[in-house]
Amino acid sequence: MKRYCLALDLKHDPELIAEYEEYHKAIWPEIRESIITAGITNMEIYRYGNRLTMIMEVTDDFSFDAKAAADAANAKVQEWETLMWKYQQALPGAPDGAKWMLMDKIFQL
């Protein structure tokens with residue numbers, strides 16, 4: 001099993017942040033299915049201010065490229081991603097069009 005940590009920012013708007021959190025209390029069934037089908041066995045998102053951190057535990061055969069290709073072909077995932085972009089903003093220094101950015105692990109106990 002592998003674990004990844006990713007980061008993304010939300011827009012600096014308390015109302016939008018509250019809406020974003022409401023959506024994540026009950027994600028759409030199609031989104032849940034796309035996550036599980038990709039080989040993600042656990043996913044957690046934490047927030048501090050407008051900074052989000054996502055921790056993903058995945059199967060050994062998980063692939064970011066395969067997940068991206070499956071998501072691009074899934075109309076419901078694309079609808080979700082478009083909706084979520086209302087609340088999200090790229091991290092400073094992120095490439096154009098990039099959302100969640102993979103973080104480098106620098107310490108483990």
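Predicted model: local features only at pLDDT ≥ 70, side-chain atom pairs only at ≥ 80, totals over all residues.
Contact, in this presentation, means heavy atoms within 4.5 Å. Residues are numbered from 1 along each chain as its sequence is written, and side-chain values use heavy atoms, with hydrogens and water left out.

I begin with the overall fold. The chain has 4 helices and 5 strands; helices (H or I, at least four residues) and strands (E, at least two) are DSSP runs, numbered from the N terminus. Along the sequence, their order is β-α-α-β-β-α-α-β-β. The radius of gyration is 14 Å, close to the 13 Å that the globule rule gives for 109 residues, so the chain is as compact as a globular protein of that length. The radius is taken over C-alpha atoms, and the rule is 2.2 Å times the number of residues to the power 0.38. The C-alpha atoms fill a box of roughly 40 × 40 × 30 Å along the principal axes.

How much of the chain counts as buried? Of its 109 residues, 31% do, where buried means under 20% relative accessible area, exposed over 50%, and partly exposed in between (1.4 Å probe, protein chains only). Among contacts with a separation of 6 or more, 71% join residues 24 or more positions apart.

Let us now turn to single residues. Ser-34 is found in helix H2, residues 29–37, and is buried, with a relative accessible area of 12%. Which residues does Ser-34 touch, not counting those up to four places away in sequence? They are Lys-67, Asp-71, Asn-74 and Val-77. Ser-34 and Asp-71 are 37 residues apart in sequence, yet their C-alpha atoms are 7.5 Å apart in space.

Lys-67, one of those partners of Ser-34, has its place in helix H3, residues 64–72. Is Lys-67 buried or exposed? Its relative accessibility is 14%, so Lys-67 counts as buried. Leaving aside neighbours within four places in sequence, Lys-67 is in contact with Ser-34, Ile-35, Ala-38, Ile-40 and Phe-62.

Phe-62 leads us to the aromatic residues. Phe-62 is itself buried, with a relative accessible area of 7%. Rings of Phe, Tyr and Trp (its six-membered ring) pair if their centres lie within 6.5 Å; planes under 30 degrees apart count as stacked, over 60 as edge-to-face and the rest as tilted. By this rule there are 7 aromatic pairs. In one of them, the rings of Tyr-4 and Phe-62 have centres 6.3 Å apart and planes at 45°, so the pair is tilted. Tyr-4 lies in strand S1 (residues 2–10) and Phe-62 in the loop between strand S3 (51–58) and H3, so the pair ties together parts that are 58 residues apart in sequence. Elsewhere, Tyr-20, Tyr-23, Trp-28, Trp-80 and Tyr-87 form one aromatic cluster.

Finally, I return to strand S1, which also holds Cys-5. At 25% relative accessibility, Cys-5 counts as partly exposed. Beyond residues up to four places away in sequence, Cys-5 touches Thr-53, Met-54, Ile-55, Met-101, Leu-102 and Met-103. Cys-5 and Met-101 are 96 residues apart in sequence, and their C-alpha atoms are 8.4 Å apart in space.
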